[in-house]
Every structure is written in C-alpha cells, then in structure tokens.
Amino acid sequence: MTATTPPDATITIPEVPLWRARLQMGLSSLRSSWAMFAENPIGIIGLAVIIFYGLFAAAHPVLMSTVWDRKVYDPVNGFDIEIAFHPSSPSLRHPLGTDVLGRDVLSQLMFSTRYEFALGMLAALATSIVATTIGAVSAYYGGVIDLLLMRLADLVYMMPLLPILIVLGALMDIGMIELAIVLGLLFGFGGTAIVVKSQALSVKVKPFIEAARIAGGSDFHIIFKHLVPNLLPISLLYMMFTVNTAIAYEAILSFFGLTTITMSWGLMINVTQVFGYLLRFDTWWLLFPASIAITTLCAAFYLVGRALDEVVNPRLRRR
Amino acid sequence: MWRFLGQRFLQMVITLFLFQAATYFLIDAQPGDIADLLTLDPNIPPSERQRLRAELGLDRPPVERFFKYIGNFYQGDMGVSFQEYPKKVIDIIEERLPRTLVLFLSANLVSFWVGFVTGKILAWRRGGWVEYASTITGVILYTVFLPWFGLMMIWLFAVTIDLFPAGKFLSPINWLTAPVNANYIFIRMTISTFIALIVIFIGTVLSNRIESRYRFGARLVSFIVPLAGLLYYWQTSEFGALAWDITSHLVLPVLTLTLYAYAGTMLITRTSMLETLREDFIFTARAKGLPEKVVRDKHAARTALLPVWTGLIFSLPAALSGGIITETIFSWPGIGLAYLQAAVVEDIPVVMGILTIIGILTLVSHLIADIGYAFLDPRIRYN
C-alpha cells in the first residue's frame, strides 16, 4: 500500500495501515528484547540445547526412511535378530546399544524427543491460557469472583501434585495429551494464576484501562484487548517453567509405570527397571542416555526461562 | 492479630474440608476397589466378594461414605487400613511420617542455609564466569531427573567406594537381638538431635550479641559443645550401635536431597537478592556510608530471605511428592512409599489419611510463612 496524500493538507502524514504499524512496533520491541536476551550467555546456552534437541527429533523420521531398517530400528516394535544377546553394548550398528527387548536405544531416544516437546508445549499452552484468563478476570472484577477464583487457586496449589497424578493414573488412561492437559490445568489453576493475577492488578490501575472504559469498551473487550496483552510477557516466562516441570513429571510418572505412553524417556528407564537392570551399572546405556536427555532438556528450558526473567523483570536487569 | 488468626483458622478449616472432599471423590472414582484385588483367586465365589465389600462399607454410596469418614475424622478416628487390616491408619502415619520428615528437614535445613549464603554472595558479585558456571550447575542440579541422581549417588557412595549402605532403613542383621524396635530409637535420635540444634541456635543468637572479638570463639563453642554432647550421649547409650546403623542408612538419601534442594535455594536467593538490591532502602543504606558487608547481610539479605523462607516452609508439604521418588529409589520406608503402595491397591483410608495429614501440614506451613513475612519484612503488617 502507498501513502495517500489528502489534496488540501499541507503536512503529509504517511497513512500506514494499522496492522503494519502494529507489526513494526511488535518487531522493534521483539528486537530490543532479543538484544537483551542475547546479552546473557545462559539463555543462549539453553536455546542452543533446545535447538539441538529439535534437530535431534527432526532427524528421526529422516533416518527411519533412509538409513534405518524399520524392522530393526522401530522404537517400539523393532528387534535386531542378528545380535544374540540383548541388551547389547554400543556398537557401530547401534550407537547407544539395544535395550532388553532388542530395540535400538538411540532410535527410542530420538523418537521420544518430539513427544517430550509436544507434551511440554501443550502443557505450557494450557497453563498460560488458563492462568492468564483467570488472573485477568480475577484482577479485573475483584470482589466475590476474585475471592472464589483465588481460593480455588489456593486449593489447587495446595494439592500435592505427584500423589494426585498417581491417583489420576489409576483413574484413567494417561497418555501424552491427557497428561499435558491435566498438568496444564493444575499449573494454570494453581501457582501460575496467583502470579499472573498479581501482575494483572498492577496493569489494571494503569490509565489506558480507564481510557478504554470511558471509550465504552465492554468488560470482555477490555480484558482481552487491553489487559491480557500486557500479561503475555509474564505468561511466556511461566510457560518456560511449565515446560520443564511437565517433562519432569512425565518422566517420573512413566518411570513408575503409571502412564499408557508407548515410548518416552521416562518409559525407557521404566523398562530398564522392570527387567532389573536399574542397579547394574555395567549396562549404563540403558539408564544414562534417557536420564541425561531428561535432565538437559529440562535444564535448557529452565535456563531460557531464567534468561527471559531478566528480560521481563526490569529489577533483574544489569542496567 | 488475633482477628487475623481467627479468620485464617476459619479459612483453613473450610479449605481442608474442600481438599478432603476433592481427594476423596477423586480416589473413589477409580474403577474397581480393594475387594476385587483381595479376591482375585477365581475359586472365591462372587458372594464372598460381595460380603467383603459390605464389611468394608464399599457397597454404600460414595457421598454417604464420605460424610461418615469426615464425621469419624473430626472425632479423631482415621479408620483402619484395608491392605494391612486391622492396622490403624493413625499407627501407620505415626510410624512412617517421622522418617520422611527427618529425611526432609535435615536435608532442607542444611541446603537452605548453605544455599542462602552462596546465593547471597553470587548476587553480590554479579557477572563473570563464576556466575554463569554456578547458575548452569545449579540449574542442572535443580532440574536433574531425581531417580537417576539417586542412582548415581548409590553407584558412587555405595557401590564404588562402599561407604554407606545402598538403601533401606536399617540392616536387619544388627537388630535380631535388639530389645527395642527401630522407631523407639529413631524417635530418641530425632529428639536428641533436635535438642542439640536448639542449643546451637540459642548459642548462635547469644554469641551475636557479645563483643565482636570474642564472637568467633563463642560461635565455635556453641556449635561444638552440643554436638559433642550428642555424640557422648549416644556413645554411652546401650543403643549406640543401633543408632549408628540407622544414621548410616540416613546419610545417602539426605545427601542426595540436600544437593537437590541446595540448587533450588541458591537460585531463588540469587534472584531475590538481585531484586532487593534495586530497592531504595539499599541505596539509602549505601548513601549513609555503611560498610558493604552490613548492607549485604543486614539490609539486603533480610528482605531477600522472604522467598527463600517461603521455599523452606513449602518444602515441608512437598516432602510427600519428593518422598515418593526418593523413598522408592532408596527403599526408605517413609510416608511416600506407604502412599505409593496404598494408592496402587486403592487402600482408601490410608491414602486419605496421608493426604489429609499432608494437607494439614501445608495449611499450617502457609500460616507460619505468612507470620514469618511480618517478622522478616517490617513493611508487611496484617490488620
């Protein structure tokens, strides 16, 4: 689009369409945030690890369709009949060895990565949607709604998460999606909602909210157009912390054998435990790859979260 | 103050009731019940299963059972375990809870103290590779997959250098001729250690008030004398060897949890200290010309302690969640293991009992945390 000039105007104001102006503003604030983020090596290290795992996950389907024979390398049903005894130690054929059931460990590790990502992202998304909505509504309306929602948040926050998940595991079949949604809801209704609400309270008293109300904006309009966008930074921050918590809980639940997930890092360790290889440190490839993957991916998301914290929270900045 | 406490107490009772209701119906909604598990043998006729169900009261509607449970609960009766019939739930909790609490309190007290001191110094000296290295190490320790970490500790300290036993609460061989049971000695150990800790605490507080050149000596004395007394007491006691047996089993899980909790505390302290350093009163304190150490320890650290204090208090209810993992790895017969064993067979009274106790602990620690805030930060007042 080109800027049009009114014939009778002496000063020309380039008339940029609203979406482009918003895009430019968004981009410039993104650029300055990125500059602040990039200053901190901690966040960069975390981001690098996450990108590494992203490529790691993306490489699996490629390898499966080119180099790896599906019968041997399938992460769930594969079996290598050419090796006499499983678990076999790392070799050229199986870089991280095979597990007790004759499946390739590296293939399992790569295959599971995408599900860990999906789980973390879905849980984080659910958390941030629920927490932002509850925090904004609770702060905006106050009074009885606030009281009820915050008592609910206290109640959820008080629930010991792992024991509740163990009970839920017996109650229903917990797959990746169910687990992600349950975790997302529990985090969203609990601690995160309390944090977001305290942020929303400080946004609510800003003049532009008052201006929007005077201009005749409905409650719905004000909450979702003016309040929520200002809560997104803190929401994003807590999304990062949700991702690593979700991955850790999935690993622990799978480790106890309480989920119906067909393949995940936690399940790899569970299989090791079920067949009694957990305390045998000579078969390290059954325990270490999955454990290290869980630890490093969680740590990476947490590091990014901490670095984002310094961007979002001005009091943590260096200058 | 009293009005605040009264209101809080009322809120706590209501929250506890809602918590109990939510957990009870959640547990009850699981398919099947313990009667199915106890009569798995196909030779047992279905009528027997029905009879068993009726005896355990499982044939009544859930709402009726819940209100009966609540009624009994507030009269101090938590029922009997289905799985270990006729063992009382309160007895199971009494036996298991101290073991978990000791495990967590000792790990947390050490890690919070060390974590607070290091986090404080890290925030004060910001920048440089020390900060990045310690943050990354801290984050990895904090997000480590706990079962694996526990196994690594077992591998290192129990398998490779064979310093401590790999798991369990005691070695049965030492207890064959023991005149008393393990809990008798364990409770005694806990109480004696607690008394020694209180003496150390009082000694430290008192030694802060004396002249600075004697302070270090006084601190040392107040630290060594109670510990020596504790050692002397158990050395001369006839149960010394048995107490040592339990202690040696305690070391490895405590060490694991300490390292795990240490990282969390250090990270929280650093963040909270950095936030506090931006406050105006720190600027004022510096402008007054106070020494840096005084600004750091007396002005900044005290306010920065708030989130750390919350963390310490909240680690108490988290003992159950963490306990399930740690106790499984180290076969430590605490409340987490009892919960896991009861939850998988739907032993409703035990599961409810443990969850309720944890719920009460959580509520009480919330209250203690709130009261503690007012002491730590003079700006917080409850009116």
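Trainee: In chain B, what share of the contacts between residues at least 6 apart in sequence join residues at least 24 apart?

Mentor: The share is 75%. Keep in mind that this is a predicted model.

Trainee: Fine. How confident is the predictor in chain B, going by pLDDT?

Mentor: Chain B averages a pLDDT of 85. Of its residues, 99% score at least 70.

Trainee: And what are the ipTM and pTM of the complex?

Mentor: The predictor gives an ipTM of 0.83. The pTM is 0.86.

Trainee: What secondary structure does chain B have?

Mentor: Helices, 15 of them, and zero strands. The C-alpha atoms fill a box of roughly 85 × 55 × 40 Å along the principal axes. Chain B has 383 residues, and 34% of them count as buried.

Trainee: Let's take α1(B). How far does α1(B) reach from its first C-alpha to its last?

Mentor: The span is 38 Å over 27 residues. That is close to the 39 Å expected at 1.5 Å a residue.

Trainee: Which residues of α1(B) are buried?

Mentor: B:Phe19, B:Thr23, B:Tyr24 and B:Ile27.

Trainee: Why might residues three or four places apart in a helix point the same way?

Mentor: An α-helix has 3.6 residues a turn, so residues three or four places apart point the same way.

Trainee: What do the buried residues of α1(B) pack against?

Mentor: Elements of both chains. From chain A there are α5 (143-158) and α6 (161-171). From chain B there are α4 (62-73) and α15.

Trainee: Switching to helix pairs. At what angle do α7(B) and α13(B) cross?

Mentor: Roughly 35°, with the axes coming within 9 Å. The crossing is right-handed.

Trainee: Which residues meet there, in α7(B) and α13(B)?

Mentor: From α7(B), B:Leu146, B:Pro147, B:Gly150 and B:Leu151. They meet B:Ile325, B:Thr326, B:Ile329 and B:Phe330 in α13(B). The contact divides into six nonpolar, two polar and no charged residues.

Trainee: Over to chain A. How do α4(A) and α10(A) pack?

Mentor: Helix α4 (residues 105-141) of chain A packs on α10(A) at about 145°, with the axes 6 Å apart. This crossing is right-handed. The contact holds 17 nonpolar, seven polar and three charged residues.

Trainee: And what about α8(A) with α10(A), where do the axes cross in angle?

Mentor: Helix α8 (residues 191-204) of chain A crosses helix α10 (residues 219-255) of chain A at roughly 145°, and the axes come within 10 Å. The crossing of α8(A) and α10(A) is right-handed.

Trainee: Which residues of α8(A) and α10(A) meet?

Mentor: The α8(A) side is A:Thr192, A:Val195, A:Val196, A:Gln199, A:Ala200, A:Val203 and A:Lys204. The α10(A) side is A:Leu227, A:Asn230, A:Leu231, A:Ile234, A:Ser235 and A:Tyr238. By class, that makes eight nonpolar, four polar and one charged.

Trainee: Loops next. What is phi at B:Asp162?

Mentor: Near 50°, a positive value in a residue other than glycine. B:Asp162 sits in the loop between α7 and α8 (182-207) of chain B.

Trainee: Is B:Asp162 buried or exposed, and why?

Mentor: B:Asp162 counts as exposed because it has 9 C-beta neighbours inside 10 Å. The cut-off for exposed is 12 or fewer.

Trainee: What about phi at B:Ser331?

Mentor: Positive, about 50°, although B:Ser331 is not a glycine. B:Ser331 lies in the loop between α13 and α14 of chain B. With 13 other C-beta atoms within 10 Å, B:Ser331 is partly exposed.

Trainee: Last one. Where is A:Gly216?

Mentor: In the loop between α9 (207-214) and α10 of chain A. A:Gly216 is exposed, with 7 other C-beta atoms within 10 Å.

Terms used: Residues are numbered from 1 along each chain as its sequence is written. Chains are lettered from A and ligands numbered from 1 in the order in which they are written. This is a predicted model: local features need pLDDT of at least 70, side-chain atom pairs count only at pLDDT 80 or more; totals for chains, interfaces and linings use all residues. Helices (H or I, at least four residues) and strands (E, at least two) are DSSP runs, numbered from the N terminus. A residue is buried if 20 or more other C-beta atoms lie within 10 Å of its own, exposed if 12 or fewer, and partly exposed in between; C-beta atoms are placed from the backbone. Two residues are in contact if their C-beta atoms, placed from the backbone, lie within 7 Å. Axes are lines fitted to C-alpha atoms, for helices over the stretch in contact, and angles run from 0 to 180 degrees between N-to-C directions. A crossing is left-handed if the near helix is turned anticlockwise from the far one by less than a right angle, and right-handed if clockwise. Ala, Val, Leu, Ile, Met, Phe, Trp, Tyr, Cys and Pro count as nonpolar, Asp, Glu, Lys and Arg as charged, and the others, Gly among them, as polar. pLDDT is the predictor's confidence in each residue, from 0 to 100. The expected span of a helix is 1.5 Å times one less than its number of residues.
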